[in-house]
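Please look at the sequence and the model before reading on.

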Amino acid sequence: MAKPSQKLILKRVLKQLKPYGFLLAATIFFALISVAGALIVPIFFGQVIDLLIDGAAVDFSKIFEKFIAIGATLAVTCLAQWLMNAINNKITYNVVRDIREEAFSKIQVLPLKFIDAHSYGDIVGRNVADVDQFADGLLMGFTQLFTGILTIVGTLGIMIAINWVIALIVFVITPLSLFVAKFIATRTYSLFRKASEIRGEQTAFIDEMIGNLKVVKAFNREDENLEKFDGINERLTKASLKSIFYSSLTNPCTRFVNAVVYAAVALSGALMLVWSTPLPVVFSVGMLTSLLSYANQYTKPFNEISGVITELQNAVACAGRIYEVIDEEPQKPDNENALTLENVKGDISFEGVYFSYTQDRKLIENLNISARAGQRIAIVGPTGCGKTTLINLLMRFYDPDSGNIYVDGNDIMDVTRKSLRKNYGMVLQETWLKSGTVSENIAMGNPSASREEIEAAARAAHAHNFIMQLPYGYDTVISEDGLSQGQKQLLCIARIMLCLPPMLILDEATSSIDTRTEKKIQNAFSKLMNGRTSFIVAHRLSTIKEADLILVMNNGNIIEQGTHDELLAKDGFYSKLYNSQFAI
Amino acid sequence: MRKLLKYLKHYKVQAVLAPLFKLLEASFELIVPLVVSAIINQIDTGEGSTSYVIYACLILVALGLVGLVSAVAAQYFAAKAAVGFSKELRHDLFKKMQSLSYSDIDKLGTGKMITRMTSDVNQVQSGVNMVLRLFMRSPFIVFGAMIMAFTISSLAGGIFAAAIAVLCIVVFGIMLISIPLYKKVQGNLDNVTVATRETLAGARVLRAFCKEDDEIDKYNAKNAELTKSQLFVGKISALMNPLTFAIINVAIIILLYVGAIKFEAGVLNRGQVVALYNYMSQILIELIKLANLIITVTKSFACAGRISEILDMNPSLKNGIKTLADNANFIEYRNVTVNYSDSPLNALENVNFSVKRGETVGIIGGTGAGKTTLVNVLPHFYDVNGGEVILDGINVNAYGDEQLREICGVVPQRAVLFEGTIRDNLRWGNENATDDDIMSAVNAAQAADVINAKSNGLDEIVEQGGKNFSGGQRQRLTIARALVKKPQILILDDSASALDYATDAKLRQSIKNLEYKPTVFIVSQRTSSIRHADKIIVLDGGKMVGAGTHDELLKNNEVYREIHFSQFEKGGGNG
């Protein structure tokens, strides 16, 4: 995955914010009100303090007037603050939702090559942990960046109004803290990126080991794994310590700059009072008090903004990792004028197909097959000979490097993937069921099926009996390891029994099913295969004997083809394979 | 959260030093208003001199500098402690997860365990970091300001105390309400994790059924649920800032009113009123900062709760420490009954048989007959619900699990390999195995051609899940992995299903010829795989319906006969 630059990522984030323009405007508006409120209140308090004049009676009615004004300002400010926070939440969590949706939708169109080559844990980590971190940073940015900038502008304005000389001094000194913050931030970005990479590595390791915990335990590998885990953990700890510590330096450093600003205001203000103002500015102790408190308010946002900058660094690093997935090259989209396969008869042919998973290892070379509608094609051969690859090509999980595959005379590259796949019923050796109930799984290819239809399909697959033994029958939620391999395969078979597509792919579809049940299913399969072009991969040669065409594969090539009897008569590879099953 | 505190134990020094330095920094900050008040009073009384003002301002800068040094120290110690904390927490959590029993793993599910390990731990780490950095500082500034107020006027101090009390109620109230809500947010995050994992693992099937759009819809619903819960708790947390702002400013109004009365009465001078005002403002600034952090901390409380749930799980298996003796009846099942939770039917019911050392036992039966369950209780992966499994005269519960698994070489149904080289994978059986040891196991497992086919031999990289090997190749490698162990008991749980008959036959022959003569359990659906076993156990629906040799069973066991003839035509010459 290509690593986008920081600037590019920021651009992406801004683009992501576009749909929320109105909310953004609203949050800036409320930020304006709440900042104005927060700035006005101290002015009122300063005026109250100025009403306390030595030796004179205190004018309480004037003080009360001020208090009422303060109360009203407070009410408006608080409401604006709450609204601002709520809107910020809304923007952030909606953006995060959008990103997650985008990433997930992307996963659906990523080529299987990508999915096969990346660890699930890493991708899951990007979509969950990294996006979470991004949300934290973004939210903090919103709540503090706008108010921060507005507070700076506002306070500066007021300070100029009170005493422009002092305001000028403040204005000159404060940018120092921004320089400091920027200096630190640019140096910590790579540290964050590294920490987040190691975190990804750790997630992948956890995913692998926790996902296969049973094997781990069977081999007493807990200690070794823990050791390996600790190794990654140690590196993560070092990397996080560095990134967290260096980034957290920003705050104390800017705070120190602020302390200097504060002292400068105190110094200049006090000196003006001591020297009885040679400047054409009216100045009082009350004003100095207000100025000092503004100086505090003015510098604080610099602090926060610098804090936000480090947080944003981290967020951008995390956003970059999820954008890597989103920006990954998708599978080639269907041709614009791609055909939708309908009423498929089932004539399938391969013409001069070349394919390999990696360029340096050739696999399938100049493959030619022709299967007429309704034929049963059995594929046999030693493991690793390319049987599964053939299926990958038929289903367009992978596309051939060159050559063509036709269904009913249509090049499958010119057909929509969906309509192609809809016309195949596939049962793989590697059973996969989604989390959900038994009936949901059976109805996968036909979600509108009634319970009766589902049961009928389950009966045809001889799965009904064991389903009825589950705690809640058809409504039992399937857990990751709750069913045996054989039971899972029965459900996968029931799945295609329900949607009855015109072409079938059975890749070791009954390998984990006991032979008695298998025998019964074979009958159901035979009926199913009647009139349907079927590709059958199996090692039990008894299931293959009745095939119309047997393809014997070795090293990616078809070395023999014909019917069972023809091949036996040939006395070649196939007959050797066939006879070996009885050589006990 | 409290339970997790022990993970700070190795970082005690840092955990104490961090807030201490923060306090130091804060106390220097508290001196600032005193200095300013002194300047103002000097000017007010007309005694102010240029040199005094310069001197006082230099003190302000010096205070800032000392503050900087203490703050840097505090940040370092806080980061060190927080990062160390999460390191040890992750270590323990991983260890704990590895110690869970099979049934616990079934219950929890992988996705949930992964979010706890990653997202939850990260959240707690930032919580600890924040607490160390700010939770000491903020109360200190708040209470420090209050004490300073008391030194000026006890009535003013009272106002401070009342304001702080109200603040506490608001802050803790919001925290208490939002902790369970954040827990819910994390729960919804679990669902998003699980959905992402599932769509990756099931990519082939989902695409075959054209389920992409459906998947997206379902995921979006889960994602929207997460967003909804985040927004809801966000609205409540968003109250924190405005409320604290209002409370403090109301307190300032009261303070100035009382201050004005006292001023008129000549009890307080203007400098003192200004100082009181400044102290209250300081509290405000501190609390605004705090409000954002409280959200972080509240979140980490919720996450800590979720982590504790796992750390507090009692392993559902009990272990003993007995070691192996030498009995004639090596393995004995006595009335063994197993029932998985929730199931109305027993997975295994009243199974009785015994096995001598070095014998080969075949286990056969239909899908879901209980074959895997039968072999899974021997290495104590699951507890039996009735009866006992005896190994060498002693109940398997009495042995240490580690020892049991040392004795047993298990080849599970699902052939899983791990990321690393082939050699790394095979060494799972025995860390110290030499290449010769490994190759002899590989040869016995009929996996030599798998390794020869790879250009790097034993050094060939295995991708995660063994994705770059076919099912049959993986199966043979997992068998080799178990053989590298040279186990006393070898359990093959339908692990030759992807092998062709010839390879299967060769495999059985080479296992028979192993010089260390293991006791072998072969679970299979093919009678050809077990026909030469010393004893064959026939299972049907969790019950043992027959036991004996192939010939005996063929003669007098209906179920076995049916299984056999479903594979070999009756009377045909093939059998």
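## Basis of the report

The model is predicted: local features need pLDDT of at least 70, side-chain atom pairs count only at pLDDT 80 or more, and totals for chains, interfaces and linings use all residues. Residues are numbered from 1 along each chain as its sequence is written, while chains are lettered from A and ligands numbered from 1 in the order in which they are written.

## The sheet

Two strands pair if DSSP finds at least two bridges between them.

Strand 6 of chain A runs parallel to strand 9 (residues 503–507) of chain A, and four bridges join them. Here Met426(A) stands opposite Ile505(A).

## Two packed helices

Helices are DSSP runs of H or I with at least four residues. Helix 6 (residues 164–173) and helix 10 (residues 250–274) of chain A pack at about 160°, with axes 10 Å apart. Axes are lines fitted to C-alpha atoms, for helices over the stretch in contact, and angles run from 0 to 180 degrees between N-to-C directions.

## The contact between chains

The contact takes 140 residues from chain A and 143 residues from chain B, where contact requires C-beta atoms, placed from the backbone, within 7 Å. Helix 3 (residues 60–109) of chain A gives the largest share of chain A's side, 22 residues.

Key
Two residues are in contact if their C-beta atoms, placed from the backbone, lie within 7 Å.
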